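Hello,

Here is the structure I promised to pass on.

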Amino acid sequence: MQLKFFDAGQLRTQMVLEDPVETPDGLGGFTVTWSERATVWAMVEPAGARAMQFADRSAVLSTHRIWLRHRDDVRPGQKLRRGVRSYRIDQAEDADGSRRYLIIRATEVFA
């Protein structure tokens with residue numbers, strides 16, 4: 001992917017990178033809470049949506065492409081949060097091999 005025309009000034013959305021923290025619940029399972037790792041500047045682009053049918057309701061699964069400056073500590077399973085909106089990180093890859101930017105493929109999480 002060629003990024004020579006990408007402008008770093010497009011990273012105008014402040015987001016919080018969060019790690020999952022699993023705590024045993026005493027019954028063989030665990031509860032998940034989220035711990036803030038860093039605040040980052042990003043550009044969020046809608047990538048697609050599709051309707052999903054669950055047993056008792058239907059929902060829309062919304063996917064996004066999120067750009068940010070390269071970091072070595074971003075991986076699937078983490079999430080990015082912008083206010084009350086959360087995005088589960090499904091994939092993070094170096095945009096063009098230069099270690100300047102990451103492209104994150106994420107799914108919006110509706111709680």
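Let me begin with the strands. S2 and S3 pair in the antiparallel sense, over eleven bridges; strands here are DSSP runs of E, at least two residues long, numbered from the N terminus, and two of them pair if DSSP finds at least two bridges between them. Within this pairing, glycine 48 has threonine 63 of S3 as its bridge partner. S3 also pairs with S6, again in the antiparallel sense, over seven bridges.

The model is predicted, so local features need pLDDT of at least 70 and side-chain atom pairs count only at pLDDT 80 or more, whereas totals for chains, interfaces and linings use all residues. Residues are numbered from 1 along each chain as its sequence is written, and side-chain values use heavy atoms, with hydrogens and water left out.

The largest nonpolar core has 14 residues, and Met15, Ile66, Leu68, Leu80 and Ile104 touch the most other members. S1, S2, S3, S5 and S6 each give two or more residues to this core. By nonpolar core I mean a set of buried Ala, Val, Leu, Ile, Met, Phe, Trp, Tyr and Cys residues joined through side-chain atoms within 4.5 Å. Buried is under 20% relative accessible area, exposed is over 50%, and partly exposed is in between (1.4 Å probe, protein chains only). Apart from the largest core lies another core of six residues, including Leu11, Trp67, Ala95 and Tyr101.

Threonine 107 sits in strand S6, which covers residues 101–109. Threonine 107 counts as buried because its relative accessibility is 4%. Beyond its neighbours within four places in sequence, threonine 107 is in contact with Leu61, Ser62, Thr63, Ser86, Tyr87, Arg88 and Asp90.

Now the charged pairs. How many salt bridges does the structure hold? There are twelve, each defined as a side-chain nitrogen of Lys or Arg within 4 Å of a carboxyl oxygen of Asp or Glu.

- Arginine 75 and aspartate 19 meet at 3.9 Å, N to O. Arginine 75 is in the loop between strand S3 (58–69) and strand S4 (79–82) and aspartate 19 is in strand S1 (residues 13–24), so this pair ties together parts 56 residues apart in sequence. Arginine 75 is partly exposed at 39%, while aspartate 19 is buried at 13%.
- Arginine 37 and aspartate 73 have their closest N and O atoms 3.3 Å apart. This pair links strand S2 (residues 30–53) with the loop between S3 and S4, 36 residues apart. Arginine 37 is partly exposed at 36%, and aspartate 73 is buried at 18%.
- Aspartate 72 and arginine 99 meet at 2.9 Å, N to O. Aspartate 72 lies in the loop between S3 and S4 and arginine 99 in the loop between strand S5 (85–94) and S6, so the pair joins parts 27 residues apart in sequence. Aspartate 72 is exposed, at 62% relative accessibility.

Salt bridges with shared partners also join Asp19, Arg37, Arg71, Asp73 and Arg75 into one network.

Best wishes

Key: Helix = DSSP H or I, 4+ residues; strand = E, 2+ residues; numbered from the N terminus. Contact = heavy atoms within 4.5 Å.
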